[in-house]
Amino acid sequence: MTALAPTASQTTPLPPTAQRPAGSRWSWAFLIDIAVFLFVFAAIYGVYAIGRSWLGPVQPQAHISQNPRILPLYALYSLVRIGVAYALSLVFALAYGYLAASSRRAEVIMVPLLDILQSIPVLSFLPGVMLAMVALFPHSQFGLELGSILLIFTGQVWNIAFSFYSSLKTVPRELHEAAVIYRFSRWQRFAELDLPFSTIGLVWNSMMSVAGGWFFLMACEMFVLGSRDFRLPGLGSFLQTAASDGNTYAILWGVAAMVAVIVLMDQLIWRPIIVWADKFKFEQVESAAAAQTTLLNLIGRASFVIRLYRLLLKPVFNWLAVTFAVGARRAAATFSAPKQNRARRWLVYVLAVGVLFGLGVAVFHAVRELSGLHREDYIELLQSAALTFLRVNTALILGALWTVPVGVYIGSNPRFARIAQPLAQIASSIPATALFPIILLFLLRLRGGLEISAMLLMLLGTQWYILFNVIAGAMAIPTDLKEAAYIFHFSSWDRWRHLILPGIFPYLVTGMVTASGGAWNASIVAEYFHFQGRIVSAPGLGSTISSASDSGRFDVLLASTLIMATIVVLINRLLWRRLYRLASTRFKLEA
Amino acid sequence: MSTANTAPAPIIEARKLEKSYPQPDGSRIQVIAATDLAIYPGQIIALLGASGCGKSTLLRMLTGLSPASAGAVYWHGQPVQGESPNVSIVFQSFALFPWLTVLENVEAPLEARGMPPMERHKRALRIIDAVGLDGFESAYPKELSGGMKQRVGVARALVVEPEVLFMDEPFSALDVLTAETLRGELLELWLDRKIPTRAIFIVTHNIEEAVVLADRIIVLGRNPAHIHADFAVSIPHPRDRKGAKFIELVDSIYRVLTRPEHKDDTAPPRTYAPGAMVPPKTIMLPHTRPGGMAGLLEILADQGGRADLHRLADELSLEVDALLPTVDTAVLLGFLRVEEGDAIITPLGQEFAAANIQTRKTIFRKAAIANVPLIRQMEQALKAKSNRTLDEEFFRDLLDEQFSEEESRRQLETAIQWGRYAEIFDYDAETGKLTLTEA
């Protein structure tokens, strides 16, 4: 959706000034060094295991064990997949955002394109990605792995790109001018201005993206494509297989393993990163309270880490800085404007023609594909779109109904917030899809059980965005306004109407936008599920996409994807964007 | 150091430098009229003017940050494209990189020049020492006070040994005492030749600051910006703020700043066909609220109807920037006259100051309709409509013909403020509709 709005946790206070290793703490530093070395050994084994699996002969239908003992290995496989996909996403997103922000002509196309790509569910990319990868590497497991990684990538990359782009567009003018007047090279401008300024947004969006990776992991590790059945060993496929077999014992083990991995990642990776990222907060005054994470302090103290930085990274950065600086000066000295411009313009023309040609071919084929569908097919598609629309919005409303009062309560009781917020954060990091089989176990017995489960899954997957934003909004309501409401004896209805609801409105909108997009995407896993040896599905656009992908009906897949993307983009343009404008004009709290 | 015009060749010279912005309809709005300006070695030049008059734009064109629409900047006689070869800017907002330490911030410009780490480290430490930041090398900007931050800004600017040091309102974000200290330190570096910089060009809206620092003061007039006056300052350092020469110079700059520039302002055309939109003659509304002007008139009435503007600003602890627009408003409405740097209240102004709220509004309404073309036009256009309602866009389009987009937005905002106060029309911010107030 959009770049992550300030959530409550984003107000994490500052770390103290860079912790330098204290001399008296050498024993600590030594222990940390040993731990790091052990970690390196473990990592080497991990690489070996991954390498053996990836470079082995192709096995599209790997046997997915149901033995809990295999879970650590499977967790490693899944982690590596998500990690590699995230690394690719980051690189791609940086390049995409940088290009979109630096060329006005590219911007016109690239930004709306992001909007559309964000609204396409993961599974719609599946046939293209998978068939291409298998065709590229027909004899090695590498192709399959890469396909799965690319699927995860398509679910992670867009919001990071959008976040980076919008950060670049909001670099303060005088900072930009300082970079120009002191003649920063491209590299220096990127490393010392653009990237640091974007870091906080990038970190929060990365967390969201990786959470999305876990959410769709089951769909990305195990899927049917027409007559071909793809299975890759991992946590997602473990859970999916357990669910298909109705193996409750394995389901519980799988969920426990996934939750453990995610909570561990959160504590070991994300929390320290968030605290570290605080140094990039663009503020002139230091906040009062200071947050710390033990791990970050330990890493900062580990002499090994510091030595590594000084020995390896610093020289590289210096070399880059000097090379780019000298290069820029040479370019300036031999600058002959018209010639370079002409060459560049030609390059742009050639590229544009190439892209247009490619687009033309794609549209032609798409139209030919779609022409196979009849009017009745489209009517059916629109009907299922309407059903999913109802489901998505019911889930949203339900989500708002419980999160608004709870969020306001948490946000206006700081003491309670200190306990509730970390708990909510852990709860939110558990992917709803992992819990889905358990939910189905209970609800499928009921009448309309899948209907309820589908909405519940959308709710579970998206309510957190609303909750965290509402908490942040409630915290941001100025104390003097609250006091005024108290002095004038507002009834609680008046308080809600005149103070709380207007106060949290901008935050609520931000949360709802993200939640709405997320719920549409989640429909592909919520409405269609392999469970206890059969397929349970609720009629809707999500299940249409899933079943079309399963059965290899590319025409249906294409049509339903187009419809979903159109609906999501339309809702964004017609509803959310307007509410955003209202939020930023009428409901903006300013002095 | 002061009589420069015959002295050595200029370092930077602007010839017929102009800035204008294109409008959607193809016309252009001029914000800076063709300007000749030269920066000679050995001088501190202050560029003085009210805010929004184009001082900063002129600075940015001289440094090459902002391209000129016409004319050119010459560096030792050679035309410059892009940034000037060796200049630095000290910014109003400091513009430090919050994620870099003091040392890294100061090293950054050297890094950009491809200097090896050891040497840039050494140079940065030397300049950090010179500006009095010793011991703060590893601090991050957010740990520092405003004054310390601007010292980092100065150190970063000086570390590249610029031939000309540009400063864009460098002390206006600081409190009075800190600003005074930093001015003193800057002068010390300059007068004792502790820095190889050959000229300093400082943009400011603070008259006293200009007189304390500069060897030459250029006063910028506005709409479009042009050089209004050029003072040579020959008072020896250290300059005594209470000295006769100092006060005399400050007073004469005040006089220049308050002298009406547009002769045609005083006699606006009187008749308009109802509804016919004649674009207002370029009378810029000063961006003030009626309440502030009422306060000024009350104080003046209290002090016997006449006061020295310089003293008045001092008493109210206001800077010229804050006081002048209010004075302009009162003059425009006929409540005040300015003579020789003194503000004199008119009989109408007396009446206004003595009246109650409702009567004030009536007086203000009459004065605004009589003297402010924009308000008059708005009233007549609204009267001409059968439903007495018009969209603000209508007026903005009209203003866009004369002002930049930003300025026309501010003009309309001010006009709406005044019209609402005078109960000439109502304004609905949500729909952007203006409605004539029924009597």
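Guide: What follows is an account of the interface of chain B and chain A, and of the salt bridges there.

This is a predicted model, in which local features need pLDDT of at least 70 and side-chain atom pairs count only at pLDDT 80 or more, while totals for chains, interfaces and linings use all residues. Residues are numbered from 1 along each chain as its sequence is written, chains are lettered from A and ligands numbered from 1 in the order in which they are written, and side-chain values use heavy atoms, with hydrogens and water left out.

In chain B, 37 residues are in contact with 33 residues of chain A, where contact means heavy atoms within 4.5 Å. The size of an interface is often given as the accessible area lost when the parts come together. Here the two chains bury about 3300 Å² between them, 55% of it on carbon and sulfur atoms; buried area is the accessible area (1.4 Å probe) that two parts lose on being put together, summed over both. On the side of chain B, the residues that lose the most area to chain A are Phe97(B), Trp99(B) and Lys142(B), together 25% of what that side buries.

Polar contacts also link the chains: seven residue pairs, both residues at pLDDT 80 or more, are counted between chain B and chain A. A polar contact is a pair of N or O atoms within 3.5 Å; within protein, one must be able to donate a hydrogen and the other to accept it, and residues adjacent in sequence count only if both atoms are side-chain atoms. Among the elements that give two or more residues to the side of chain B that touches chain A are helix H1 (55-63) and strand E6 (87-90), but H2(B) gives the most, with four residues. Helices (H or I, at least four residues) and strands (E, at least two) are DSSP runs, numbered from the N terminus.

Across the interface, the rule finds two salt bridges, a salt bridge being a side-chain nitrogen of Lys or Arg within 4 Å of a carboxyl oxygen of Asp or Glu. Glu174(A) forms a salt bridge with Arg60(B), and their closest N and O atoms are 3.5 Å apart. Both residues belong to a network of salt bridges that also links Arg173(A), Glu177(A) and Asp168(B). Over all chains, a search of the whole structure finds 38 salt bridges.
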